[in-house]
Amino acid sequence: MEFLSYFGGVFEPVALALLFGGTIGGLILGATPGLSPTMAVALLIPFTFHLAPTQGLILLGAAYTSTVAGGAVSAILLKIPGAPANIATALDGNEMAKRGEGARALQLSFLASGVGGLIGVMLLIFLTPVLAQWALQFGFPHLFWIAILGVTVIGSLDSKSFVKGLLSGCIGLWLSTIGYDDIQGAERFVFFDALSGGITIIPALIGLFAIPQVIEMFAKGRRESKVESLEVPKYSFMDSVRELFSSIRALSIGTVVGSVIGLIPGVGGQIAGLVAYDQARNFSPLKDKFGTGHSEGVIAAESANNAMVGPSLVPLLTLSIPGSPTAAVLLGGLLIHGIFPGSDIFTNHPEVVWTFINSMLIGQILMVIFGIYTAAWAARIAKAPVPIMASGVLVLALFGSYSVGQSMGDVQIMLILGVGMYILEKFGFSAAPLVLGLILGPIAADNFITGSRIADAQDGPWVYFFTGPLNIVLVTMVVASIGYSFWTNMLRSTFADKSQKSAGEAPAE
Amino acid sequence: MKTLLKTATLSVAALAVSATMAFAADYPERPIGVAVSYGAGGATDFQARIVTMVAGNEDLLGQPIYILNKPGAGGRKGWNWFATEAEADGYTMSAYNIPHFIAQSIKGGVKYSADSFEPIANWGADPAVVVVGKDSKFNTMGDLIEYAKANPGKTTTSGAGLFVGHHIAALQIEKACDCKLAYIPTKGGGAAAMKAVIAGEVLAGVNNLSDAFRAREAGNVKILGVADLERNSFLPDVPTMKEAGLDVDNSSVNFRGLMVKKGTPQAVIDVLAAKVPEMFKHKRVASRMKAGGSPMHIMTRDEVKAMWAKRQDTLADLLKGL
Amino acid sequence: MNTQRLQHVVPATIIFGLSIIVAWLSFTEEPAAAYTFPRIISIIFIALAVWNFIRAATGLSRVGRGIDFGEAKNILPGMVIMLLLVFWGAKALGFYVASSIAFFAAYSFYDPTPLSSVKDWAKRAVVTLLFMTVIYVLFSSVLQVHTPRGLFF
């Protein structure tokens with residue numbers, strides 16, 4: 001309970017002002033397409049030069065928590081996930097917004113983020129020493145299997161057709177191999193110059209999600225009727241709270257999956273939301289409602305990606321190993337002030353560490369308050385007439401994809417991917433499995449190649465990749481996941497085919 | 001008509017010339033970007049952010065410097081971008097890492113070489129060190145080499161990618177001891193390579209001195225040797241490779257500094273070459289770098305030019321036949 | 001073969017062709033070590049593409065209704081604006097000028113109000129200006145992203 005005695009530091013006037021500023025700023029930065037939490041935190045580093053160590057960390061901690069949650073705003077309202085963490089949120093959240101339930105989706109997403117985030121930080125406070133050892137257990141073969149485990153959910157993710165889902169994922173995996181091979185340094189599949197840098201994930205996300213939507217709006221043409229895209233009824237805050245706690249299953253799945261995955265260095269944040277989303281659907285009796293604007297989808301995804309924030313700092317604080325790009329930036333923030341993380345950081349600099357962690361706790365709460373407060377207001381964005389919306393999203397996509405790396409190549413890839421995705425979507429393919437392939441491809445490939453090199457120097461790949469308790473557990477999970485997804489999808493498609501013949505048209509393949 | 005056209009062309013040309021002149025005199029009149037070829041939070045990014053933090057001071061450049069991360073493929077992505085897409089107007093600089101980009105250009109497959117860029121100044125030198133886990137049975141470089149000789153190709157040694165400083169150091173050690181290591185390049189820079197050492201996934205690792213110093217402070221690793229000509233002030237107790245009986249020089253030392261693209265107006269280069277070393281020398285920069293455990297080594301444009309040329313020769317020699 | 005089946009066969013064929021190209025490149029390009037992973041992917045890719053093609057050819061592929069002519073006609077002007085903006089305007093005219101024009105053009109074209117009304121033209125101009133101001137403040141002032149200036153600013 002040592003951390004309680006350091007709460008005072010959070011409530012000093014300067015600290016409190018930074019906390020407010022960091023939270024509000026983080027929400028805005030997070031909601032800006034093209035700005036991932038990593039970039040947002042990196043942007044704030046120069047400000048911390050002028051601050052005392054604790055104050056600087058309060059700013060960074062608050063910004064980190066709120067950018068992750070802020071990404072949900074553009075994911076829900078514009079279907080532009082600001083970062084990979086928010087992809088799953090966009091799936092159901094945007095459908096809700098299109099139905100005019102944007103305010104409800106935003107409130108639920110902030111509440112779920114808050115709950116998940118608080119539990120994640122609590123884990124950081126109470127279980128750090130235990131978890132640190134656990135995080136170290138994941139070596140190259142294990143990360144490889146985790147990535148493969150992620151790949152196995154591809155077929156069922158947001159796709160009405162099993163084979164098309166798998167094929168989308170496969171295209172994503174292939175796209176991820178374009179450009180330089182990171183370890184060998186050889187160029188692959190560079191058909192034109194813009195591709196030589198490979199496909200950067202944030203521009204790809206913007207293209208794959210936002211551009212099809214823009215084209216979809218164009219396709220409606222100059223339509224007289226329904227000038228406004230939709231209505232935004234106010235949604236009562238208490239109703240959201242009630243709804244959150246009645247979806248306790250989605251909330252707990254999200255929180256547990258998020259915290260567990262957040263701990264694993266190198267995989268963490270990117271896929272926590274998607275895996276939680278998929279699991280929440282598998283365990284839900286209303287399986288088929290996912291993807292059509294089902295609130296459980298938003299809750300699971302958002303609780304997971306904020307639950308990941310706390311545990312992702314465990315390896316950083318105790319072992320000085322940044323587990324994610326954002327953690328690496330935070331490490332820089334610590335180093336600038338001469339604070340070296342390590343197992344003794346809690347005894348050497350308790351005032352800094354505990355104030356930092358406490359500020360994340362308070363930050364979570366502030367994030368919920370500000371988020372909810374602006375939800376109804378922000379949801380009005382979705383109320384803009386279709387032509388404004390379409391042109392606006394197009395311009396945002398241009399600026400967002402450029403600002404990541406200041407490269408026209410990124411922008412061109414963004415548009416090409418987007419137009420391609422629009423056509424593919426028209427034929428039943430979907431963006432989510434494709435993006436998952438794009439994210440997981442490099443993780444699987446790099447860990448496989450590095451692992452193979454170690455295996456060659458040791459007892460060979462078989463021993464290295466298939467023995468040891470953790471490998472066996474993960475391989476079993478992979479096999480079970482593949483089996484489960486084949487079983488349910490084949491069975492479903494068999495039934496669907498039969499009913500099709502009698503009914504003529506079937507909604508699902 | 002013809003004369004009119006001629007006059008017009010001439011006046012346009014004159015306008016263009018005077019524009020460049022005025023341009024150089026006013027330089028810089030807006031913020032300057034520095035492209036870093038490694039991810040946010042990595043050692044290069046972290047140091048670049050510190051050494052450029054006072055750029056906005058009136059007596060220095062008078063305009064702030066912002067960092068632009070272009071990570072990928074061991075730095076190739078960022079430098080390719082810089083060599084092909086960036087404008088040679090002095091408003092986009094890049095951080096260089098020696099020996100990385102020279103080694104990569106010798107190895108081929110990239111769109112740059114040492115001739116594509118103009119050095120401005122050097123801010124830091126981060127020697128490669130050999131680290132092992134805290135519970136490792138190796139206590140000296142001798143122990144490690146003895147094991148490597150007894151088990152050729154089985155001494156797994158992690159480092160941040162191929163043809164970067166770490167790899168060069170590993171190659172030099174192999175050449176010096178006439179033994180075979182198993183060099184394991186990891187993705188994700190020095191941090192991932194360090195994690196593999198701490199977690200015991202590999203027997204040893206080559207890493208940045210600054211990161212290793214930190215990991216040792218945290219009680220996670222032992223540092224066996226430093227690949228430099230003399231001992232480092234951060235690690236006075238760690239012997240150099242030469243002291244450990246290995247003929248390894250300072251070719252793998254990771255020099256970091258700023259450069260611009262070839263074709264940048266000479267006047268702009270002159271402004272930068274005069275002001276940037278002053279910026280690196282600022283006392284706030286020095287204190288922050290020291291706090292972060294990052295060794296500084298300030299060199300002027302001419303010194304860097306000589307250093308680049310020397311590295312070009314040694315590396316071409318070392319990488320021959322690989 | 002009805003139109004819908006035909007519509008599904010076309011992308012299925014293209015994807016199958018792509019998978020063949022990917023496999024061909026993966027197994028022929030050097031250095032082979034860099035292509036280990038693409039090789040594994042390309043084999044799975046071909047298998048899935050064949051499966052998908054068979055489904056499309058036999059008319060089993062029904063998800064997704066394809067693109068009809070009316071929609072394509074509606075999309076065309078917007079698509080032209082998009083392509084011009086990204087592949088030419090953004091760099092040649094500068095991000096802010098090109099985006100303003102693209103925004104105004106797309107908005108005007110897809111706005112259902114009659115094109116003769118001066119009031120509506122004014123409204124569209126004001127909305128464009130407001131939106132671009134927000135974008136300018138966000139990206140240029142707050143985030144300090146330096147975008148290509150092109151001809152103007």
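I call a residue buried if 20 or more other C-beta atoms lie within 10 Å of its own, exposed if 12 or fewer and partly exposed in between, with C-beta atoms placed from the backbone. I take helices (H or I, at least four residues) and strands (E, at least two) as DSSP runs, numbered from the N terminus.

The model is predicted: local features need pLDDT of at least 70, side-chain atom pairs count only at pLDDT 80 or more, and totals for chains, interfaces and linings use all residues. Residues are numbered from 1 along each chain as its sequence is written, and chains are lettered from A and ligands numbered from 1 in the order in which they are written.

**Strand β9 of chain B**

I looked up β9 (residues 221-226) of chain B. Six of its six residues are buried, so the strand is largely enclosed by the rest of the structure. Strand β5 (residues 128-133) of chain B runs antiparallel to β9(B), joined by five bridges; DSSP must find at least two for strands to pair. In this pairing I found V132(B) opposite K222(B).

**Domains of chain B**

I noted domain 1 (31-124 + 255-318) and domain 2 (128-226) in chain B, with bounds from an automatic or database domain assignment. Their C-alpha centres lie 27 Å apart. In contact (C-beta atoms, placed from the backbone, within 7 Å) are 14 residues of domain 1 and 16 residues of domain 2 of chain B. Helix α4 (residues 100-107) of chain B gives the most to the domain 1 side, with four residues.

**G323 of chain A**

I found G323(A) in the loop between α14 (314-319) and α15 (325-335) of chain A. G323(A) counts as buried because 27 C-beta neighbours lie inside 10 Å.

Note on methods: Two residues are in contact if their C-beta atoms, placed from the backbone, lie within 7 Å.
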